[in-house]
Amino acid sequence: MTDLHLNFGVQPHERPGDDDAREARHQVLATLLGAYADGELPPETVSQIDAHLLGCARCRREVALHAAVRVRLSREPLQTASAAFRERIIQELSHSQQVEAVPAAGAVAASPWWRTPPAVIAVAALLVVAAAAFGIDRSRAPERVAAAHTAAVDASSVPLMSAVLADYRRATAGDLPGRARDLDAVRAAVPFPVEPLRGSSMRLLAAWSTDLEGEPAAVLAYRWHDQLVLEYLVAEPVFFRHPSVRAPIAAGDVVTARSGMQGLLAWAAPESGVILVGDVPAAELTALRLGDAAR
C-alpha cells in the first residue's frame, strides 16, 4: 500500500517462532477487524486482511463475532427522531455545505479517508445520522434464496459426500490452504474446467487441489456474506458414480444433504460435478447456485 502499509506475515528479520512479534501484529489487526467486518476500510487494507484471515483461525472467529453483533443490531427497530431534531440536522448540513463544498463522488473515492478534509467527514457523519433519524433502513438484506427443484439424500450413504465433508472439516479446522491467486495452478492440476462462482456478495479467498476417493478434485473457498463456503469440483465419472446422485441429477434436480452443522448442495456442471458445503442450510446454498451466483 502507498499510504497505509500493514504486514501481518512473518517479517524477513524474524524467526518463524517469534511469538511476541506475531502477537504484536495480532494486536494491531484486532483494532481493524470491526471496521473490516463493517466494510469501512480502504480496498488495499481489505486485501491484506483477507490474506491474513486465510491463515489465522483466531481472527476469523473475531470477524464472525463482529458480524453476528452487526446482524443483531440490524434487527433492532429504528427509532424515529423528533421533528425538532430533524430540523437541526438539516440546518447543520446546510451550514457545512456553505463552509466547504463537498468534492465530487469520484474525487472522494480517489482520496484515502484519512486525508479527507474534516468538514467533509463531518457532513458524511451527519448524513448517516440523518438516515437513521428519518427512518431509512440502511442494512443490506441477504439475497433472496432462489427456488429450485431439489432432492434430499443421506450424505453418509454417498461416499463422495462423506469424503467432501471430511475434507471440509479438516480444511476449516485450521488455516485454509492456498490463496485466490493459486487458481491457475489448480486448473492445471485437474482434467476439467474450473471457474469460480460469481456473485455480488461473494469473494474468492483461496483455491487448492485435493484428492477425493483417490481422484483429483479442485477446491475453491469463498467468503459469502459472513460465511465460509467451499466449492468442490470433481470429474463427471466420479460425481455420477453413486445412484443417489445420478438419478436426481438426470431428472433435472439439484441434490441437497445435511450432516451436523453442514449443508451440502450438488449439481452437474460442464465436464464436472459441483458440491457446495458450508455451515449453512442447504436451502440457503441454492442462492449461490441459482440466484446470487451464476457461472
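Analyst: Below we take a few labels one by one and set each value against its definition. This is a predicted model, in which local features need pLDDT of at least 70 and side-chain atom pairs count only at pLDDT 80 or more, while totals for chains, interfaces and linings use all residues. Residues are numbered from 1 along each chain as its sequence is written, and side-chain values use heavy atoms, with hydrogens and water left out.

User: Let's start with rings. Why is the pair of Phe 239 and Phe 240 called edge-to-face?

Analyst: The structure holds one aromatic pair. Its ring centres, in Phe 239 and Phe 240, are 5.1 Å apart and the planes meet at 80 degrees, so the pair is edge-to-face. The rule is that rings of Phe, Tyr and Trp (its six-membered ring) pair if their centres lie within 6.5 Å; planes under 30 degrees apart count as stacked, over 60 as edge-to-face and the rest as tilted.

User: Is Phe 239 buried or exposed, and what about Phe 240?

Analyst: Buried means under 20% relative accessible area, exposed means over 50%, and partly exposed is in between (1.4 Å probe, protein chains only). Phe 239 has 2% relative accessibility, so it counts as buried. Phe 240 has 23%, so it is partly exposed.

User: What makes strand β7 largely enclosed?

Analyst: A quick word on naming: helices (H or I, at least four residues) and strands (E, at least two) are DSSP runs, numbered from the N terminus. Strand β7 covers residues 272–278, and seven of its seven residues are buried, so the rest of the structure largely encloses it. Ser 272, Val 274, Leu 276 and Gly 278 point one way, Gly 273, Ile 275 and Val 277 point the other way, and all are buried.

User: How do you know that β7 pairs with β4 and with β6?

Analyst: Two strands pair if DSSP finds at least two bridges between them. Seven bridges join β4 (residues 227–235) to β7, and these strands run antiparallel. Glu 231 stands opposite Leu 276 of β7. Seven bridges also link β6 (residues 262–269) with β7 in the antiparallel sense. There Trp 267 faces Val 274, and Gly 263 stands opposite Gly 278.

User: And what makes β6 largely enclosed? Which strand pairs with β6 over five bridges?

Analyst: Seven of the eight residues of β6 are buried, so the rest of the structure largely encloses this strand. The partner over five bridges is β5 (residues 254–259), again antiparallel. Val 255 has Ala 266 of β6 as its bridge partner. β5 and β6 form a hairpin with two residues between them, and Gly 260 in the turn has a positive phi of about 65 degrees.

User: Which residue takes a positive phi in the hairpin of β6 and β7?

Analyst: In that hairpin, which has two residues between the strands, the residue is Glu 271, with a phi near 70 degrees. Glu 271 is not a glycine. At 51% relative accessibility, Glu 271 counts as exposed, because the limit is over 50%. Glu 213 also has a positive phi, of about 55 degrees, without being a glycine. Glu 213 sits in the loop between β2 (202–212) and β3, and its 36% relative accessibility makes it partly exposed.

User: Last one: what makes the lining of the largest cavity nonpolar?

Analyst: On a 1 Å grid over the protein atoms alone, a cavity is a set of points where a 1.4 Å probe fits but cannot get out, and lining residues have an atom within 4 Å of a point. The largest cavity is lined by Val 158, Leu 160, Met 161, Phe 239, Val 245, Ala 266 and Ile 275. Ala, Val, Leu, Ile, Met, Phe, Trp, Tyr, Cys and Pro count as nonpolar, Asp, Glu, Lys and Arg as charged, and the others, Gly among them, as polar. The lining therefore divides into seven nonpolar, no polar and no charged residues.

Methods. On a 1 Å grid over the protein atoms alone, a cavity is a set of points where a 1.4 Å probe fits but cannot get out, and a pocket is an open set with protein on both sides within 12 Å along at least five of seven lines; lining residues have an atom within 4 Å of a point.
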